[in-house]
Amino acid sequence: MNNGVVMQNYKVNVRTWVFTLLCGTVFLASLILQDITFFLLAILFSVLIGYLFFQRDINLFEPFTLFTLYYFTVPLAGLHLHVSNFRDTVFVQQVGFSNDPKYLLNLALIYLVIGYIFTLIGYKTFAKRGRPQVILNDDVSHRFIWLIIIGFSVLGTVNFIFNIYTYAGGNIFVYFSNLSVRYLEFQEIEGTTLGYLFAYSAAYLWFYIVLKNKRFSMPFVLFLFLTILMKASSGRVFQTLVYTASFFVIYYLTNIDYSRRNLTYLLIGGLTGLAGISLYFFRITSSMMYSNMAPMGWSETFLSFIDWEVILNSAVDKGNIPNIAVFMKIIDSWQSDIGFLYGESLFSWAFQVIPSSIRPIGYQPSVMIKEMWYSHIRGGALPPTGIGEMYANFGIFGPFLGMFFFGAFCAFIYNMLFKFNNYWYLTIYTQISLGFIMIYPKGEFDNFPFVMVLILLLVFMLIKFSRVISRKI
């Protein structure tokens with residue numbers, strides 16, 4: 001027998017034994033404790049770890065792999081709610097339920113397990129096997145690309161400088177210290193970040209040239225850092241992480257030996273997550289200092305958040321990872337209080353191109369949830385979780401059929417990377433896979449990055465048009 005086959009079979013056997021031992025230990029513990037909630041959490045965790053264990057040649061940035069990696073926060077949230085008995089969860093403590101919260105938590109976990117499995121079935125049914133190999137040998141004039149880069153960079157940078165002068169008198173440190181009230185500043189004095197979108201497009205175009213030349217330059221690194229600052233200044237923590245991570249994904253998928261560096265990318269992902277947590281606490285500190293509510297100085301207040309209990313409270317009890325408590329309320333009261341949407345919210349992203357002054361109000365499930373049940377709680381809209389959105393649309397069929405079709409949608413996005421195996425579609429792919437599919441366990445279809453995808457499409461159509469014209473001249 002071939003040594004390679006023997007080695008591969010050995011690895012599979014080791015994985016099987018490790019997986020069986022791990023699951024057996026967890027299930028035995030849940031039986032000894034006679035705890036149905038812990039048992040359901042164990043099933044969910046086992047299903048997730050099982051998918052990763054038995055992938056022979058894992059692509060970290062395949063849509064369903066990203067979906068799975070973020071889905072691990074679901075059992076974490078469920079375990080915290082269960083162990084704390086909802087003690088600090090405002091989404092349970094400050095709203096009434098028709099059913100017992102413990103019963104609703106167990107029912108939510110059952111739906112979350114079923115929803116994940118049906119997403120996997122939908123994905124595996126339609127997704128192509130193998131690895132997409134992105135090609136960089138497009139016949140595009142670098143001179144024309146540089147013209148776009150310069151023009152778009154100027155637009156974005158001028159917009160950024162204008163905002164700093166308008167809202168902080170030209171002091172960038174003051175501008176970032178007021179991060180938490182950015183949306184209020186924009187309401188009081190009309191502002192825009194539209195120019196930033198052009199700067200982000202310029203960064204992707206510049207990265208194309210970097211990859212083609214196989215050489216990073218200090219000007220590119222500095223400009224990339226500037227665009228990350230632009231993204232962070234909007235106060236959107238996760239969107240900043242997605243934008244930063246997209247460059248790692250592009251690099252990963254344009255290098256044929258990427259599978260050998262999975263651990264490196266996982267480490268980078270972990271560090272990016274820590275950076276996101278830091279930015280989140282930076283925003284909270286900014287809010288407390290702005291409102292004169294901080295009991296200590298700026299640095300002391302920021303450092304006080306570095307505590308496991310505080311992090312868990314911020315992540316779970318405040319709904320910064322998939323908000324299972326909100327999903328429980330959806331199961332409990334959506335049909336009677338709001339009524340099923342029958343697919344309506346799945347197209348809410350189309351409203352992103354309509355000016356906010358004439359855009360419909362409150363059409364997103366996250367806004368409906370906030371206004372119907374949690375208007376008395378501070379903060380913005382409350383994402384329903386992906387499976388919660390499917391339930392809000394189709395009732396008990398949502399976690400089954402709805403998530404199956406979501407898995408098929410993920411497969412379609414991935415298959416397009418095989419068909420359009422070029423850098424231009426890859427940038428769009430990263431926006432959708434990182435900015436929407438990965439966070440769908442928490443979010444809703446309104447998170448689909450339609451505007452950014454549209455701008456990238458227009459840019460790349462312009463590039464293609466210039467190539468056609470240059471051939472005819």
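Modeller: Happy to! Helices here are DSSP runs of H or I with at least four residues, and strands are runs of E with at least two, numbered from the N terminus. This is a predicted model, so local features need pLDDT of at least 70 and side-chain atom pairs count only at pLDDT 80 or more, while totals for chains, interfaces and linings use all residues. Residues are numbered from 1 along each chain as its sequence is written, and side-chain values use heavy atoms, leaving out hydrogens and water.

A salt bridge means a side-chain nitrogen of Lys or Arg within 4 Å of a carboxyl oxygen of Asp or Glu; by this rule the count is two.

Let's begin in helix α16, where K329 and D332 sit three residues apart, about one turn of the helix. An α-helix has 3.6 residues a turn, so residues three or four places apart point the same way. K329 and D332 form a salt bridge, with their closest N and O atoms 3.8 Å apart. Buried means under 20% relative accessible area, exposed means over 50%, and partly exposed is in between (1.4 Å probe, protein chains only). K329 is buried, because its relative accessible area is 4%, and D332 is buried too, at 10%.

The other pair is R87 and D88, whose side chains meet in a salt bridge at 3.6 Å, N to O. Here R87 is exposed, as its relative accessible area is 53%, whereas D88 counts as partly exposed, with 36% relative accessibility.
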